[in-house]
Every structure is written in C-alpha cells, then in structure tokens.
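Here is a short report on one protein fold. Look over the sequence and the structure, then read on.

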Amino acid sequence: MSTKSFQEVVRSRQSVRQFLSTPVEETVIRQILEDAQCTPSNCNTQPWNVHIVSGDKKKELSKALMRANEEGNHTPDFTFDMNSFYGRYAERKSEHGKTVYESQGIARGDYKGRQQSAAQNYNFFNAPHAAFLFMPSFGDNVRVASDIGMYGQSFLLALEARGIGGIPQTALGFFADTVRDVLGVSDGLKLLFGISFGYPDKRAAVNSFRMGRDPIENSVTFHR
C-alpha cells in the first residue's frame, strides 16, 4: 500500500519509456482498475471499455502492430495532426521531442533513429502489460472522449501510487482496426489511446529526465 500523499503521486508521475519485464500481479492490476472505476463521467455513463493485454496476447498484438506500422496501414478512429499545433503549444511539442531523442543519443537529422525510437511504441517499451481504452460513439464524441481522458488519468495515478509506471500512447490509436482484429473488439467501439504499464527501468537513460510545466499563470485566469 502506498504511503504517498496525493500531491506526491500527481507530481512524481512521469511517462515511462523503458520498463522491466517483471509482470504486475493480477490482484494489483484489479485494484488499479477498481480505483480507476471511480472516475467521474457525464451523466455517470461510465463509457470506458478497457482491454488489458499481457503475455502471449501482448506478443501477438505487438507483432501485428509492428507489421501495420512498417506497412503504413494506419486506421485511426480519430484524427491527429502533429502540424496543427501553434504558438506555445508547438514550442512545448518541439521541446518534448528534442528532450526524448537527446536522452537516447538520437541526433536531430537522424530520421532512421527517430523512426526506430517511435516504433518502440508498438512493443510497448518492453512493458509487460498494456491497457487499450475504447469508447462508444455518442454525438460528436467530445464528451465521451473527455470521460476516457479522466479515466486514463485515474489509471495512471493509481499506477504511480503503487510504484508502477505507465505511459499514455496516442500512437497505439493509429492502428485501431489492427487492435480490434487481434483482440476481437466490436467495430462499434472506438479506440482513443493505450497505456503501457509495468515497473520502470530506472537505469534507462530515457527515464532519466522530467518534462517541465509552464507556470499556472500561462493557463489560468482568476476572476474576482
């Protein structure tokens, strides 16, 4: 049982990009899922549909994702345009990419190295488990997606509270059809993103940095 305060949990969480192969006990995973189940949602609809992959099924899915990535067989349920960010949003995106690649010794012009680094998403950064967050489609999907985002944060903090690492991955949503095919998920459920999770490899250089946050004055306005 964690003795961390909420402030310690939320401020110590980071996106882990290299994991130990040690599996998390199923009883612990169930506790994490029970914590995440307490997430609020619009009208208490609880729209999350979560699929946890481990063991042989994870290996099968990883191979399928790697193949789909190599073939460029993208089937996202939702659009994502890296070039649509502007201003400070684009600056933060660039700062993040630069930090991640430099931690791995990948130079700015090393496009092959960058591609290989990005492909690590599809072997789940060696994590023993991954959670795929599916959702039903209602209206323009914005409210449902916001519920799934809140669920994802609850899940990540429940991991951190137990000394387990995780990383939310938009990249896993780029191959929604592949994931549905391997896991036998209905076409009526849309894949928003996935979370690889397990015990962090604390010796890995890619886990040695922490991304900064802008001061709250950049994003909060007080009205009195």
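Which residue in β4 stands opposite I167? The residue opposite I167 is S196.

This is a predicted model, where local features need pLDDT of at least 70, side-chain atom pairs count only at pLDDT 80 or more, and totals for chains, interfaces and linings use all residues. Numbering starts from 1 along each chain as its sequence is written, and side-chain values use heavy atoms, with hydrogens and water left out.

**The sheet**

Helices (H or I, at least four residues) and strands (E, at least two) are DSSP runs, numbered from the N terminus. Four strands make an open sheet, ordered β1-β2-β4-β3, with antiparallel pairing. Strands pair if DSSP finds at least two bridges between them. β1 and β3 are the edge strands, each pairing on one side only. Five bridges link β3 to β4.

| Element | Residues |
|---|---|
| β1 | 49–54 |
| β3 | 165–169 |
| β4 | 190–198 |
| α6 | 142–161 |

Helix α6 packs on this sheet and touches β1, β2, β3 and β4. Contact means heavy atoms within 4.5 Å.

**The cores**

A nonpolar core is a set of buried Ala, Val, Leu, Ile, Met, Phe, Trp, Tyr and Cys residues joined through side-chain atoms within 4.5 Å. Buried means under 20% relative accessible area (1.4 Å probe, protein chains only). The largest nonpolar core has 25 residues. L61, L65, F124, F132, F134, V179 and L183 touch the most other members. α3, β2 and α7 each supply at least two residues of this core. A second, separate core of 20 residues includes A36, M135, Y151 and F193.

Methods:
Buried < 20%, exposed > 50% of the residue type's maximum accessible area, 1.4 Å probe, protein only. Axes fitted to C-alpha atoms, helices over the stretch in contact; angles between N-to-C directions.
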